[in-house]
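My entries follow in the order in which I looked things up.

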Amino acid sequence: MSFTPRGFRLLRIATIAIVAVLLVLFLRNLDWDKLAHALRHASLVPLLLSSVIYFVCLFGKALSWRIMLQPRNVVSIWRLYRYTIAAFAASALTPARAGELLRIWALKARDNVPVFDSTGVAIAEKLLDAVTLLLVCAPAPFLMPQLPGWVTNAMLACGGIAVAVLLVLFFAVGRIEAREPRSWFGRMIAGMNVVRDPKRMAQAILVLVLTWCADLIAVVLVLHAVGIDVPIGAAMFILFTFNLAVAIPAAPGQVGTLQVGALAATSVLGIPEEPALAFALLYQAMQLAPLLILAFVLELDLMRGRTRPEPQPAS
């Protein structure tokens, strides 16, 4: 299959079809009355707290961007937070996480951040996201010895790939910074200069680790809301598995892929399908609904595909 727009569309259709088939397999014995009961009787307070924590996590993402954009590009944390909310909302409405392009566009139009710098930061953040998720979830196999061996193997494989890519970038950025990069690829690699700055790298990793820890708390809260009380190691395993699933772009808003990842984890843990699906649906709903509302309130022009330069506030 060629990497053309048509090829990408066919790949997305195939991915969505695979996710749909997996959902059918997971839910073929689902008792819909029990699912409805689990949704109706979910505790409201933990759900609301999980929604608040989600916006704390988005603030952590924005803060990591601010750290990685510096020192060449200084953007206020409030503006980056608004762009992050708008970017995640746009990704929830469009395929292939197109919200990332919206954030890059806003930074260029409003803050004069070169596209190459923001694109480099976007890629570096994804790599650090993977590394820090693994750091947070790494204790799961030790806390839950009954987990299958593929869990440890999957974590090691993902960690090995992420670290290898970071090492390649470390040397690539060093070589490119030694001369003036002129090609678009060279300028984008130079935008990942955070990998050669130990202080900024440590700060970004710390922020993202705390962000994932907050997300883990949100997972525990939603599990508790639907009556699933599991050890912290099991919650780590669930967090890791559904984030591994949503890394595959399929339907907008990660609808379906998140449920498949969550159900895959909960089936291994022996959790019944009904509360497990209720968890997956409510975890996503408590994020998407307030996210979309707040994005249109804060960044209506940006969400409508329009932007205008605004004065840069003092940092």
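Before reading any crossing, I noted that axes are lines fitted to C-alpha atoms, for helices over the stretch in contact, and that angles run from 0 to 180 degrees between N-to-C directions. I also noted that helices (H or I, at least four residues) and strands (E, at least two) are DSSP runs numbered from the N terminus.

**Ground rules**

I am working with a predicted model, in which local features need pLDDT of at least 70 and side-chain atom pairs count only at pLDDT 80 or more, while totals for chains, interfaces and linings use all residues. Residues are numbered from 1 along each chain as its sequence is written, and side-chain values use heavy atoms, with hydrogens and water left out.

**The chain as a whole**

I found 14 helices and zero strands in the protein chain. I then looked up burial, where buried means under 20% relative accessible area, exposed over 50% and partly exposed in between (1.4 Å probe, protein chains only); buried residues make up 48% of the 315 residues. For contacts, meaning heavy atoms within 4.5 Å, I took those between residues at least 6 apart in sequence, and 74% of them join residues at least 24 apart.

**H4 against H13**

I looked up helix H4 (residues 77-93) with H13, and their axes come within 9 Å and cross at roughly 125°. That angle makes H4 oblique to H13, given that angles under 35 degrees count as roughly parallel, over 145 as roughly antiparallel, 65 to 115 as roughly perpendicular and the rest as oblique. The contact draws on residues of H4 including Trp78, Arg82, Ile85 and Phe88, and on residues of H13 including Leu288, Leu291, Leu292 and Phe296. Sorted by class, the contact of H4 with H13 holds 14 nonpolar, no polar and one charged residues; here Ala, Val, Leu, Ile, Met, Phe, Trp, Tyr, Cys and Pro count as nonpolar, Asp, Glu, Lys and Arg as charged, and the others, Gly among them, as polar.

**H6 against H11**

Next I took helix H6 (residues 115-137) and helix H11 (residues 232-246), which pack at an angle of about 155° with their axes 9 Å apart. H6 and H11 are therefore roughly antiparallel to each other. On the H6 side I listed Leu133, Leu134, Val136 and Cys137, and on the H11 side Met236, Leu239, Phe240 and Asn243. These contact residues of H6 and H11 divide into seven nonpolar, one polar and no charged.

**Aromatic rings**

I looked up ring pairs and found seven in the structure; rings of Phe, Tyr and Trp (its six-membered ring) pair if their centres lie within 6.5 Å, and planes under 30 degrees apart count as stacked, over 60 as edge-to-face and the rest as tilted. Tyr54 and Phe55 form an edge-to-face pair, 5.5 Å centre to centre with 70° between the planes, and both Tyr54 and Phe55 are buried. Phe242 and Phe279 form a tilted pair, 6.5 Å centre to centre with 50° between the planes. Phe242 lies in helix H11 and Phe279 in helix H13 (residues 273-298), so the pair ties together parts that are 37 residues apart in sequence. I noted that both Phe242 and Phe279 are buried, and that Phe59, Trp78 and Tyr81 form one aromatic cluster.

**Single residues**

Ser51 is found in helix H3 (residues 44-69) and is buried, with a relative accessible area of 10%. Leaving out residues up to four places away in sequence, Ser51 touches Met286 and Pro290.

Ile205 lies in helix H10 (residues 198-225) and is partly exposed, at a relative accessible area of 25%. With the sequence neighbours up to four places away not counted, Ile205 touches Leu128, Thr132 and Leu135; Ile205 and Thr132 are 73 residues apart in sequence and 6.5 Å apart in space, C-alpha to C-alpha.

Pro71 is in the loop between H3 and H4, and counts as exposed at 62% relative accessibility. The peptide bond from Gln70 to Pro71 is cis, with omega near 0°.

Asn112, in the loop between helix H5 (99-111) and H6, has phi near 60°, a positive value in a residue other than glycine. At 57% relative accessibility, Asn112 counts as exposed.
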